[in-house]
Amino acid sequence: MTQHDSADRVSAEQRRYARLLDWGARTGFGILVAAFAAYVFGLLPAHVAFDRLPVLWTQPLDAYLAETGTPTGWAWLAQLAKGEFASLGGIAVLSGCSIVCLLAVIPIYARRGDKALAAICALTIAVLLLAASGILTAGH
Amino acid sequence: MTRAGRRWLLAPGVAIGLLAVAGDVLAAGDAAMTTELPWWVWPLALFVVCFALGIVAVPAGVGGGVLFVPIVGGFFPFHLDFIRGAGLLVALASALAAGPSLLRGGLADLRLALPFALLASASSIIGALVGLALPATVVQIALGITILGIVALMAFAPRSESGTPVTPDRLAMALQMNGIFHDVATGQDQRWHVHRSPLGLVLFTGIGVLAGMFGMGAGWANVPVLNLVMGVPLKVSAGTSSFILSLVDSSAAWVYLNKGAVLAMIAVPSVIGMMLGARIGARLLSVLKASVVRKLVLGLLLFAGARALLKGLGIGG
């Protein structure tokens, strides 16, 4: 039986990945729910007034951004004190937690001399970082 | 089906009926009504509908993301740009919630998943960029055609529980894509290998584009490719597919987030509703007749796919 075989003998890297993914997902969900509750119940101010939303969310993205002055790229980080952007913080954690998991398994593959899998993990991290960077979406 | 099962099935049935009514209202051109209702009606309705979708998704054997985009797109007033952003997060949240236990239980195989996830993640970025750049009508038409294709795939594609005994190809051997799956249900160990992995890489690249473009999870495509094309046992295919989605949807979600296409008021109630519904759905597996729920979901997808296609063509909506 190889290392990555049955349920009770999953590989060390798979166990490590699972543990970190669990923590990342829980943290992301926690932030998401808490921030959204603060947003909806008025504990955090809203960037766009709630009663404008039914008109705005029927419009295409460009029109919505132009009418609301909603920042794109990472500019939302500067507005974390507002409810909708605080909620995006939870979404960013959910979207980014896999990067940490991939980083954590590279040393295991490297120690084993499994260069191909280590390289695949590194390339996947590069893809996720490229997507997250906003470089590809700049100038919309 | 038991009496309890029928009672539980009533909830999603009622929600789906309400959706049909809402769809008729919108189709009748009463769009003004959607802006006259108090703002909180929509996130609340979204939560209820996603809760119902979450309940039926698990017994029907589909991901929440594939139901979310066509159904919410067909029956809610939100623009498709925001629906796709929310759909990706629904699919991502479901994949992240399931991922750890699938990995720990050996139902998802990291070594098998990573090469395909790499290509699908990269191509999902392209899909997301293309999807956000195309006119909404073009995306609606493509979405309608894709959904109808998914219905055909789900209805007619065969499934191979044990995978196919195969001779592994050179790439699969080099990357050691193989394993022994212990099926708790049967108590049997089952050795599996992978073949046609280069074809699998090409297909996963295409799947990534679709996932990013339409904001849907792509389990409907991942599982047949892993199971039927590459010979992986069905349960390992389903578990590994879900794990792959956690990476593919992450990269596409960043594109939507950076573009400003993620509205918290749409995305968060959807994610929470779907997650809670899926927990109930998982508990109802034993009382609901899966084949009935699956037919119900296929019917709903058929309706939503046709509706998206007609909407894109400017017919009746």
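**How the helices and chains meet**

Modeller: Let's start in chain A, where Gly96(A), Ser98(A), Ile99(A), Leu102(A), Leu103(A), Val105(A), Ile106(A), Tyr109(A) and Ala110(A) of H4(A) meet Leu117(A), Ala118(A), Cys121(A), Ala122(A), Thr124(A), Ile125(A), Leu128(A), Leu129(A) and Ala132(A) of H5(A). This is a predicted model, in which local features need pLDDT of at least 70 and side-chain atom pairs count only at pLDDT 80 or more, while totals for chains, interfaces and linings use all residues. Residues are numbered from 1 along each chain as its sequence is written, and chains are lettered from A and ligands numbered from 1 in the order in which they are written.

Biologist: What makes two residues a contact here?

Modeller: Their C-beta atoms, placed from the backbone, must lie within 7 Å. The helices themselves are DSSP runs (H or I, at least four residues; strands are E, at least two), numbered from the N terminus.

Biologist: Why is H4(A) called roughly antiparallel to H5(A)?

Modeller: The axes of H4(A) (residues 83–111) and H5(A) (residues 115–133) come within 9 Å and cross at roughly 160°. Angles under 35 degrees count as roughly parallel, over 145 as roughly antiparallel, 65 to 115 as roughly perpendicular and the rest as oblique, so H4(A) is roughly antiparallel to H5(A).

Biologist: And what makes H10(B) oblique to H11(B)?

Modeller: The axes of H10(B) (residues 219–229) and H11(B) come within 8 Å and cross at roughly 135°. That angle makes H10(B) oblique to H11(B). The residues of this contact divide into 6 nonpolar, 7 polar and no charged.

Biologist: How many residues does each chain give to the contact between the chains?

Modeller: Chain B gives 61 residues and chain A gives 55 residues. Among the elements of chain B with two or more residues on that side are helix H6 (110–133) and helix H11 (234–259). By class, the side of chain B that touches chain A has 41 nonpolar, 14 polar and 6 charged residues.

Biologist: What is the predictor's confidence in chain B?

Modeller: On pLDDT, the predictor's confidence in each residue from 0 to 100, chain B averages 83, and 85% of the residues score at least 70. Among the elements of chain B, H1(B) (residues 3–27) has the lowest mean pLDDT (55) and H6(B) the highest (94). The model scores ipTM 0.91 and pTM 0.86.

Methods:
Ala, Val, Leu, Ile, Met, Phe, Trp, Tyr, Cys and Pro count as nonpolar, Asp, Glu, Lys and Arg as charged, and the others, Gly among them, as polar. Axes are lines fitted to C-alpha atoms, for helices over the stretch in contact, and angles run from 0 to 180 degrees between N-to-C directions.
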